[in-house]
Amino acid sequence: GEALIMKRCNAIHMFGMRYSIDVIFVDKSNRAIRVIPNLKSWMCSPLVLRASAVIELPVGAISKSKCAHGDQLSFS
């Protein structure tokens, strides 16, 4: 039920991580512009130029929530 949100971020790396994560890149209006399920440890995400933030989630969160490109996200 928790996530890490990093603002002003358009790419991430997984160097030193021991586990995979799900990643969602969002634009300024919190619309999902790139969804990456199961980003493996020691890998890099692509550079997402229009991203204003990235959301890191536990593996399986994307498939469980059915989040897809273009979805409008809200945070509480």
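The structure holds zero disulfides, a disulfide being a pair of cysteine sulfur atoms within 2.5 Å. This is a predicted model, in which local features need pLDDT of at least 70, side-chain atom pairs count only at pLDDT 80 or more, and totals for chains, interfaces and linings use all residues. Residues are numbered from 1 along each chain as its sequence is written, and side-chain values use heavy atoms, leaving out hydrogens and water.

**Cysteines**
- The closest cysteine sulfur to that of C44 is in C9, 12 Å away, too far for a bond.
- C44 is partly exposed, at 45% relative accessibility (buried is under 20% relative accessible area, exposed over 50%, partly exposed in between, with a 1.4 Å probe and protein chains only).
- For C67, the closest cysteine sulfur is also in C9. The distance is 16 Å, again too far for a bond.
- C67 is buried, with a relative accessible area of 11%.

**E56**
- E56 lies in strand β4, residues 53-58 (strands are DSSP runs of E, at least two residues, numbered from the N terminus).
- E56 is buried but has no salt bridge (a side-chain nitrogen of Lys or Arg within 4 Å of a carboxyl oxygen of Asp or Glu).
- The nearest side chain of opposite charge to E56 is R34, 14 Å away (Lys and Arg count as positive, Asp and Glu as negative; His and the chain ends are not counted).

**D22**
- D22 sits in strand β2, residues 21-26.
- D22 is buried and also lacks a salt bridge. K40, the nearest side chain of opposite charge, is 9.0 Å away.
- The D22 side chain reaches the backbone nitrogen of N38 at 2.7 Å.

How values were computed:
Helix = DSSP H or I, 4+ residues; strand = E, 2+ residues; numbered from the N terminus. Polar contact = N/O pair within 3.5 Å; in protein donor to acceptor, adjacent residues only side chain to side chain.
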